[in-house]
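Please read the following note beside the sequence and the model. The points begin with a sheet and then turn to the ligand.

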Amino acid sequence: MARFFIPLETAPRETRVAVTPETVKKFISLGCSIFIEAGAGKSAGFLDKAYEEVGAKLIEQDNEELLARIDAVLCVQNPSKDFLSKLPKGTIIIGLLAPYGNNLLASNLEAGGLTALALELLPRISRAQSADALSSQANIAGYKSVLLAASALDRYFPMLMTAAGTVQPAKVVVLGAGVAGLQAIATAKRLGAVVYVSDIRPAVKEQVESLGARFIELPEITEKPSESGGYAREVSAEFLSLQRQQLTNQLAEADVAICTAQVPGKKAPLLIDDQMLDQMRPGSVVVDLAVDQGGNCSGSKSRDTILRKGVKLIGASDLPCSVPNHASSLYARNLLALLNPLITNGALIINTEDELIKGSLISKDGVIRCPEVLLAGGN
Ligand code: NAD
């Protein structure tokens, strides 16, 4: 019978938890045992009592005797080195492990002889959709970014006909229309804004238009941006420079820019430079969701709001942590969807031939499986 441990997350500002009473119940019905650290779900609104009621056992993280018998750890972010060192060889760690260029993670996994699945690396195939934690969390980030922008903006979002006259709708420019960007578009539209969108993957145009937004055509250049497995590939400096020129006028007329453009494992593209910011209207707002990957907007700072010549630059990190209850519920369902097919009669069997496992397995019993990801100079 597989024994799962769910730690209280220790990363700064982390409020999510990897299981909810709903998923604990399901794991137990599959024949697994769930041990959860006391208080692990508190910040997401799931109390210890609710876990106990569905059959989980509460334990303390310093219960070394129990940790020595654990088969797998379900987490949101990377557990500490100290915690990993208490786990028996072969323990499986599953979570958003931030694998790109993470030498420290690699050495911890090697030292402990641990197996690890990084959810960031799940292949983007149809079968993986229900387990896709990047998408469930990006969706929340996209939604929350627009709410942040709306409350920071000095104008209304919707068009209003009032006795004092008509108010024009806000113009929102969304940069990057992946999961977060599409949700940002939908949320801005629901609030009544007029939305313009830039992305380098041509497939996105139709999705953007179906949400009622306008697609900004790509620069005329022989280089055609490409994609791999649903993700954009990095474009050249020349392409980016032309893209910025093209976006300058759109941004000069915008009230809000929502920046979500990313290329996995690479520095985020710089899409708003200082000259472009100089032309933005005082009172306008830029929300940069790519800030921790280097930022789409010049000068944005992680978890900070900077007032630059009247333009508010919001460095929006950790947005899913600001909606911890739903972020945890969706994340916990992602984990259940990934693990359910791997559990037979209560035993967890990591089938390394399975496409989803093959794609996300970064370490097997301490042997690093994809050094090009973990040891590369990622971001
Ligand atoms: P992401 O977070 O890596 O990037 C966000 C967006 O930024 C992408 O749309 C990308 O094209 C865009 N971008 C990159 N460089 C840019 C630039 N210079 N200018 C403007 N935009 C730029 O992407 P994501 O949100 O994780 O998803 C990417 C795609 O994968 C989406 O189309 C999504 O629908 C698809 N997807 C598929 C599955 C599946 O089939 N299982 C699951 C999730 C997502």
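1. Strand 5 (residues 92-95) and strand 6 (residues 115-118) run parallel to each other and are joined over four bridges. Within this pairing, I92 has T115 of strand 6 as its bridge partner. Strands here are DSSP runs (E, at least two residues), numbered from the N terminus, and two of them pair if DSSP finds at least two bridges between them.

2. The structure is a predicted model, in which local features need pLDDT of at least 70 and side-chain atom pairs count only at pLDDT 80 or more, while totals for chains, interfaces and linings use all residues. Residues are numbered from 1 along each chain as its sequence is written, and side-chain values use heavy atoms, with hydrogens and water left out.

3. The ligand is surrounded by 25 residues (a heavy atom within 4 Å). The closest are R124, V179, D199, R201 and Q243. The shell comprises 12 nonpolar, nine polar and four charged residues, with Gly counted as polar.

4. Polar contacts are pairs of N or O atoms within 3.5 Å. A polar backbone atom of V179 is 2.6 Å from an oxygen atom of the ligand, and a polar side-chain atom of Q243 lies 2.8 Å from a ligand nitrogen atom. Of the 850 Å² that the ligand exposes when taken alone, the protein buries 87% (Shrake-Rupley method, 1.4 Å probe).

How values were computed:
A polar contact is a pair of N or O atoms within 3.5 Å; within protein, one must be able to donate a hydrogen and the other to accept it, and residues adjacent in sequence count only if both atoms are side-chain atoms.
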